[in-house]
Amino acid sequence: MPDSDRWVVAGLDNGGTTVNATVLDSAGRFLLDRLAESPSCVREGPDGAVEALAGSLEQVLALTGTDPALVRAVGLDTPGPVSADGVISSKGATNFSHPDWRGFDVRGALEARLGLPVVYNNDANAAALYAHFVHFGPELAARRSSVSVIVGTGLGGGVIEGGQVVRGAAGMAGELGHIWIPMEGLLAADQPLPQCNCGLAGDAESVASLTGIEKNLLPYWLTRFPGHELGRAASASKAAKLVRGYGEAGDPLALAIFGQQAMAVGRLFTIAANFTDPDVYFLGGGVVEAAPHFRGWFLERVREHTVLRAEQARAETIALVPDLDMAGARGSAIAAREAVQRG
Ligand SMILES: [Zn+2]
């Protein structure tokens with residue numbers, strides 16, 4: 001290969017506690033088959049965190065024996081809310097609580113620090129891009145579309161059209177968690193309307209997220225199962241994290257909660273079917289990393305509530321987001337490689 005064809009990009013996934021890093025070569029091969037983790041230092045504010053990102057890049061290049069001169073671009077992702085250009089929300093964000101983060105241009109700061117182009121995506125969009133490329137392969141990916149839903153602390157979403165992340169005018173496309181979904185037939189007759197941190201009531205995240213379990217679903221279902229062990233957990237957040245284990249064991253309270261979450265995800269996919277009509281719907285997060293029998297049960301319920309027309313249903317409907325722990329860094333690297341190829 002001539003020297004001009006030998007180049008790489010890096011992907012840096014900047015989380016609340018750790019940075020995950022990877023390296024992708026010009027041919028589309030990852031030079032690392034696992035995570036390269038280092039502390040993210042985001043709690044110390046932007047200066048320390050940008051240094052930590054630069055350090056994680058050095059570390060992953062050394063780990064893969066890559067000459068730093070070969071790096072053409074760096075992909076970066078962080079949790080939101082962040083603008084499409086990588087400016088942290090002026091109201092701050094859960095993972096960026098230090099006051100200096102408010103309105104901070106993390107993409108621009110890293111670009112200045114490294115002297116390299118930095119391509120930004122939020123973490124859900126980066127994971128959606130990775131799922132899309134793994135599923136379709138690099139050739140077909142550019143001609144296919146997908147919608148991703150990742151159920152975690154919140155509900156992260158990503159919309160990919162023709163291999164590209166749909167960003168929107170203000171960078172807020174793909175915020176699938178904050179789409180209103182019909183609650184009729186989802187909630188029990190006496191169940192209060194679930195509230196979301198974004199201020200809406202009855203959106204997808206208010207049901208299908210760990211926060212939704214803690215704030216909305218578990219408090220209600222504990223009233224229907226008086227004396228349930230989860231009512232004696234040390235805190236609401238501890239109890240919410242235990243629900244999945246109970247679901248895997250077939251506990252009726254937990255299955256009621258996950259049944260509502262699956263219905264919410266299915267209704268969200270139904271909206272997507274009428275909006276962008278994607279080739280594939282991806283689902284990721286804790287519940288699909290659960291024991292296989294429970295994952296199967298959950299996916300079956302999601303499919304049941306995803307209403308597709310006959311013409312749509314012939315496509316493969318629901319696939320899993322693979323390697324979720326690596327998906328942010330890898331999706332960021334894919335975005336950086338695309339940007340280099342586009343010139
Ligand atoms: Zn919301």
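Set aside the neighbours within four places in sequence, and Glu 214 is in contact with Pro 219, Ala 236, Ser 237 and Ala 240. Keep in mind as you look around that this is a predicted model. Glu 214 has its place in helix 5.

Now let's zoom out to the helices. Two packed helices are described by the angle between their axes and the distance between the axes. Helix 5 covers residues 210–224 and helix 6 covers residues 236–248; their axes come within 9 Å and cross at roughly 110°. Angles of 65 to 115 degrees count as roughly perpendicular, and helix 5 and helix 6 are therefore roughly perpendicular to each other. On the helix 5 side, the contact is made by Leu 210, Ile 213, Glu 214 and Leu 218, while helix 6 brings Ala 236, Ser 237, Ala 239, Ala 240, Lys 241 and Val 243. Sorted by class, this contact of helix 5 with helix 6 has 7 nonpolar, 1 polar and 2 charged residues.

Here is another helix pair to find. Helix 3 (residues 123–141) and helix 10 (residues 324–342) pack with their axes 7 Å apart, at an angle of about 80°. Helix 3 and helix 10 are therefore roughly perpendicular to each other. Which residues of helix 3 make the contact? They are Ala 126, Ala 127, Leu 129, Tyr 130 and Phe 133. Helix 10 takes part with residues including Leu 324, Ala 327, Gly 328, Arg 330 and Glu 338. By class, the contact of helix 3 with helix 10 has 9 nonpolar, 3 polar and 2 charged residues.

Next, the aromatic rings. A pair of aromatic rings is described by the distance of the centres and the angle of the planes. How many aromatic pairs does a search of the whole structure find? The search finds 9. One of these is formed by Trp 221 and Phe 225, a tilted pair with 6.4 Å centre to centre and 45° between the planes. Trp 221 has a relative accessible area of 11%, so Trp 221 is buried, whereas Phe 225, at 28%, is partly exposed. Phe 258 and Phe 298 form an edge-to-face pair, with 6.3 Å from centre to centre and 80° between the planes. This pair links distant parts of the chain, 40 residues apart: Phe 258 sits in helix 7 (residues 252–275) and Phe 298 in helix 8 (residues 292–304). Phe 258 is buried, with a relative accessible area of 3%, and Phe 298 counts as buried too, at 1% relative accessibility. Phe 258 and Phe 298 also belong to one aromatic cluster together with Phe 294 and Trp 297.

Let's finish in the loops. Look for Thr 66 in the loop between helix 1 (46–63) and strand 4 (71–78). With a relative accessible area of 9%, Thr 66 is buried. Which residues does Thr 66 touch, not counting those up to four places away in sequence? They are Val 8, Val 23, Leu 31 and Leu 61. The side chains of Thr 66 and Thr 64 are joined by a polar contact of 2.7 Å.

Asn 95 lies in the loop between strand 4 and helix 2 (106–114), and at 30% relative accessibility Asn 95 counts as partly exposed. Residues up to four places away in sequence aside, Asn 95 touches Gly 16, Val 42 and Pro 79. Asn 95 and Gly 15 are 80 residues apart in sequence, yet 7.5 Å apart in space, C-alpha to C-alpha.

Cys 41, in the loop between strand 3 (36–39) and helix 1, has a phi near 55°, a positive value in a residue other than glycine. Cys 41 is partly exposed, with a relative accessible area of 26%. Asp 277, in the loop between helix 7 and strand 9 (280–285), has a positive phi of about 50° although it is not a glycine. At 43% relative accessibility, Asp 277 counts as partly exposed.

How values were computed:
Residues are numbered from 1 along each chain as its sequence is written. This is a predicted model: local features need pLDDT of at least 70, side-chain atom pairs count only at pLDDT 80 or more; totals for chains, interfaces and linings use all residues. Side-chain values use heavy atoms; hydrogens and water are left out. Axes are lines fitted to C-alpha atoms, for helices over the stretch in contact, and angles run from 0 to 180 degrees between N-to-C directions. Helices (H or I, at least four residues) and strands (E, at least two) are DSSP runs, numbered from the N terminus. Angles under 35 degrees count as roughly parallel, over 145 as roughly antiparallel, 65 to 115 as roughly perpendicular and the rest as oblique. Contact means heavy atoms within 4.5 Å. Ala, Val, Leu, Ile, Met, Phe, Trp, Tyr, Cys and Pro count as nonpolar, Asp, Glu, Lys and Arg as charged, and the others, Gly among them, as polar. Buried means under 20% relative accessible area, exposed over 50%, partly exposed in between (1.4 Å probe, protein chains only). A polar contact is a pair of N or O atoms within 3.5 Å; within protein, one must be able to donate a hydrogen and the other to accept it, and residues adjacent in sequence count only if both atoms are side-chain atoms. Rings of Phe, Tyr and Trp (its six-membered ring) pair if their centres lie within 6.5 Å; planes under 30 degrees apart count as stacked, over 60 as edge-to-face and the rest as tilted.
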